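Q: Could you take a close look at one part of this model with me? I would like a connected picture.

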Amino acid sequence: MRISIAEAPAGEATVVKLAGELGVDTAAELAAAIEDLLARPTHRIVIDLALLGFCDSMGLSTFLDAHRRCEAEGGYLALAAPSPFMSRLLDVVGLLRQVPAYATVASACAGGKEGRLA
């Protein structure tokens, strides 16, 4: 899995772009990247799923844990641009009821209801 982080100006969401497969072997890598962001004054994070081809339960747990950590710090974590497969997976496991997900990165960064899934 590849992780790239687009640093954002103060007050804007930082975008974390994932590519490849997020699973038992790579979830710790994402958790560490989120932890590094939360150690700074970055508490608004959007995870771009457009290039994520696979995600297992460890990856899903990492999203949920990161969302809870961001909220505890007064920020948020949102998922963005999931493929049809990922949208279905997020819906079936109930993650869309807990973590906000949006059709695009731009709508996730803006927040609100527009472009929100489920």
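A: Happy to walk through it. This is a predicted model, so local features need pLDDT of at least 70 and side-chain atom pairs count only at pLDDT 80 or more, while totals for chains, interfaces and linings use all residues. Residues are numbered from 1 along each chain as its sequence is written, and side-chain values use heavy atoms, with hydrogens and water left out.

The buried residues of α2 are G59, L60, T62, F63, L64, A66, H67 and C70; buried means under 20% relative accessible area and exposed over 50%, with partly exposed in between (1.4 Å probe, protein chains only). They pack against β2, α1, β3, β4 and α3 (84-92), where contact means heavy atoms within 4.5 Å. Helices (H or I, at least four residues) and strands (E, at least two) are DSSP runs, numbered from the N terminus.

α2 itself has 16 residues and spans 22 Å from its first C-alpha to its last, close to the 22 Å expected at 1.5 Å a residue, that is, 1.5 Å times one less than its number of residues. At its start, a side-chain oxygen of D56 comes to within 2.9 Å of the backbone nitrogen of M58. After α2 comes G74, with a positive phi near 85 degrees.

Terms used
A polar contact is a pair of N or O atoms within 3.5 Å; within protein, one must be able to donate a hydrogen and the other to accept it, and residues adjacent in sequence count only if both atoms are side-chain atoms.
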